[in-house]
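Let's learn to read a protein structure together, one feature at a time.

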Amino acid sequence: MVFRWAARTIDAFSLTGLALATLFFCASLTPSLIPRDSIIQGVLSGLSFSCGYGVGVALRALWSYMELPKADPHRLVSASRVTILACLAGAVFFLIQASSWQDSIRVLMGMEPADKIGPIQVALIALVTFVFVILIARLLARIFRIVAGRLRPYVPRRVAGVVGLAVTALLFWSVVDGVLLRFAIRAMDSSYRELDQIIDADLRPPSDPQKTGSSASLIDWQGLGKMGRSYIASAPTGREIGSQTGESAKEPIRVYAGLNSAETVEERARLALEELVRVGGFERTALVIITPTGTGWVDPAGIDPVEYLHHGDIASIAIQYSYLPSWLSLLIEPGYGSEASRALFTQVYGYWKKLPKDRRPKLYLYGLSLGAMNSDLSSDIYDVVADPYQGAVWAGPPFPSRTWKIATAGRVAGSPAWLPRFRDGSVIRFTSQHNALDLDGAPWGPIRVVYLQYASDPIVFFDPYAAYRRPDWMKGERGPDVSPRFRWFPIVTLLQLTVDIGLGTTTPIGYGHVYAPEHYIDAWMAVTQPSGWTTEKVEALKAFFVAQRKAE
């Protein structure tokens with residue numbers, strides 16, 4: 001009875017679809033950029049199986065549409081049994097190998113080998129995912145048949161089919177975008193708004209009137225928001241810097257304006273500038289304009305090192321443009337971050353360029369992740385060419401980033417896409433965990449831009465065209481933190497990279513989308529050129545930051 005039911009169930013599915021689905025399923029178990037656990041792997045494998053089945057069904061439908069010869073029914077039965085057995089054997093073999101493939105990434109990232117990825121758990125989760133997708137697909141197919149059937153008495157059959165397909169697609173998108181997605185966005189928007197307003201009991205407004213958020217500040221403590229308060233409170237003191245560098249140091253100046261500081265982007269930028277002037281930010285030797293991530297977070301790993309390198313004689317300024325995660329901010333308000341970044345740059349640069357050149361700080365830009373992309377969009381070269389700022393450090397730039405795309409696509413032949421060399425290296429250079437900024441004595445120009453990126457960062461190296469072509473960074477020499485067992489497969493690799501984006505910040509620091517302070521040091525050294533730093537001192541500072549984060 002059970003065998004008959006199983007046979008009827010299998011017969012209801014497309015043989016071509018099942019064969020391709022199994023190939024996709026097996027490919028999904030191979031490693032990508034970020035290690036996965038059993039649950040994530042099961043969902044990914046289920047989605048891959050579904051895509052493979054859909055491709056198989058589409059190919060079979062195309063075969064029939066073109067009226068090509070059909071297989072002999074008797075031979076088809078035998079072929080079905082052989083194909084199913086082969087699919088099962090292949091799936092079991094690949095499931096057994098899944099753990100070792102995931103460990104091939106973990107070892108490169110200094111992680112302990114994972115607990116065995118349970119083949120049965122992965123298979124069950126994949127099956128549930130596939131069933132869910134199939135139910136949705138069959139519901140849509142039923143809608144299509146109803147719409148097309150109602151139209152056939154009035155229009156030609158093929159016209160009815162096209163209209164039915166369009167109506168079904170429109171209905172599906174309306175439900176996803178108009179109901180599910182908007183509900184999820186509203187829920188997350190409300191949640192992150194509340195989180196942004198929470199004041200940590202351990203953080204007190206600064207008593208120093210020279211600090212933003214103090215009683216003398218133009219920006220009150222509440223108006224800074226959660227990320228702003230954290231940024232201001234986490235600044236190293238002059239004493240802490242001096243104890244590490246062995247030299248006298250100043251208190252670094254940090255200015256931040258949260259979303260609640262003013263109504264509009266322009267008002268926040270203007271308020272932040274006024275605060276920077278109040279606390280003497282333009283009297284320091286270096287000034288950094290920071291574009292935060294989507295939530296408004298400024299990574300201490302990115303800004304602390306440059307404050308140490310300049311012995312605290314440095315100021316930084318940032319404004320918040322969102323309280324949503326970068327990926328969500330990019331999805332629903334893609335232009336808002338660049339608008340805020342431009343507003344702040346315009347205010348600060350406009351004030352800065354009016355100062356005497358011998359009595360103004362050197363000006364730099366900094367951004368991480370979405371902040372890097374928006375920082376890049378904050379100015380146009382034609383606006384600053386007459387009086388340029390000195391440089392920028394952009395870490396983990398998202399794959400759509402304007403200048404990053406140009407530099408990567410125009411790299412010198414033979415340089416890898418994950419660590420490209422752009423032209424003569426006088427303006428833009430790339431580096432990773434290991435310093436790659438010394439280009440055989442190549443001279444820098446008046447503006448120095450450094451991209452810090454890890455080869456294992458899916459935010460940087462996501463490729464929407466990976467569905468049908470192998471990404472350039474998978475050709476030739478691989479990055480040191482990319483598994484040599486990572487292979488390209490049509491469609492499946494795109495699904496893997498999509499999942500990797502969601503897992504990008506789950507890696508140990510120094511890999512994926514989690515950037516380590518010691519790796520920022522070489523970038524800031526190259527861009528800002530602080531004086532008095534020998535090789536021994538630089539290595540000691542790197543060791544200090546490594547020890548500091550290990551102690552946390």
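This is a predicted model: local features need pLDDT of at least 70, side-chain atom pairs count only at pLDDT 80 or more; totals for chains, interfaces and linings use all residues.

Q: What is the idea behind a salt bridge, and how many salt bridges does the structure hold?
A: Side chains of opposite charge can pair when their charged atoms come close. The structure holds 14 salt bridges. One of them joins Asp 387 and Arg 360, where the closest N and O atoms are 2.7 Å apart.

Q: Where do Asp 387 and Arg 360 lie along the chain?
A: Asp 387 sits in the loop between α14 (381–384) and β5 (391–395), and Arg 360 in the loop between α12 (336–352) and β4 (362–368), so this pair ties together parts that are 27 residues apart in sequence.

Q: Is Asp 387 buried or exposed?
A: A residue is called buried when its relative accessible area is under 20%. Asp 387 has 12%, so Asp 387 counts as buried. Arg 360 is buried too, because its value is 13%.

Q: Which residue forms a salt bridge with Asp 376?
A: The partner is Arg 402, with the closest N and O atoms 3.3 Å apart. Asp 376 belongs to helix α13 (residues 370–376) and Arg 402 to helix α15 (residues 402–409), so the pair links distant parts of the chain, 26 residues apart. Asp 376 is buried at 5% relative accessibility, whereas Arg 402 is partly exposed at 35%.

Q: Now for pockets: how much space lies in the largest pocket?
A: About 1,000 Å³. The pocket is lined by 27 residues, and those closest to its centre are Val 57, Ala 61, Ala 141, Phe 144 and Leu 165. Helices α3, α5 (119–151) and α6 (157–197) each supply at least two lining residues.

Q: What classes of residue make up that lining?
A: There are 18 nonpolar, 4 polar and 5 charged residues.

Q: Which residues make the nonpolar surface patch of about 620 Å²?
A: Leu 59, Leu 62, Trp 63, Tyr 65, Met 66 and Leu 68 make the patch. Leu 68 is in the loop between α3 (38–65) and α4 (73–108), and counts as partly exposed because its relative accessibility is 32%.

Q: How far apart are Leu 88 and Thr 22 in sequence and in space?
A: They are 66 residues apart in sequence and 8.1 Å apart in space, C-alpha to C-alpha. Leu 88 is found in helix α4 and, at 52% relative accessibility, counts as exposed.

Key. Residues are numbered from 1 along each chain as its sequence is written. Side-chain values use heavy atoms; hydrogens and water are left out. Patches are made of residues with over 30% relative accessible area and no salt bridge: like charges are joined within 9 Å, nonpolar side chains (Val, Leu, Ile, Met, Phe, Trp, Tyr) within 5 Å. Accessible areas come from the Shrake-Rupley method with a 1.4 Å probe; for residues, only the protein chains shown count as cover. A salt bridge is a side-chain nitrogen of Lys or Arg within 4 Å of a carboxyl oxygen of Asp or Glu. Helices (H or I, at least four residues) and strands (E, at least two) are DSSP runs, numbered from the N terminus. Buried means under 20% relative accessible area, exposed over 50%, partly exposed in between (1.4 Å probe, protein chains only). On a 1 Å grid over the protein atoms alone, a cavity is a set of points where a 1.4 Å probe fits but cannot get out, and a pocket is an open set with protein on both sides within 12 Å along at least five of seven lines; lining residues have an atom within 4 Å of a point. Grid points are joined across faces, edges and corners, and a volume is the space filled by probe spheres set on the points. Ala, Val, Leu, Ile, Met, Phe, Trp, Tyr, Cys and Pro count as nonpolar, Asp, Glu, Lys and Arg as charged, and the others, Gly among them, as polar.
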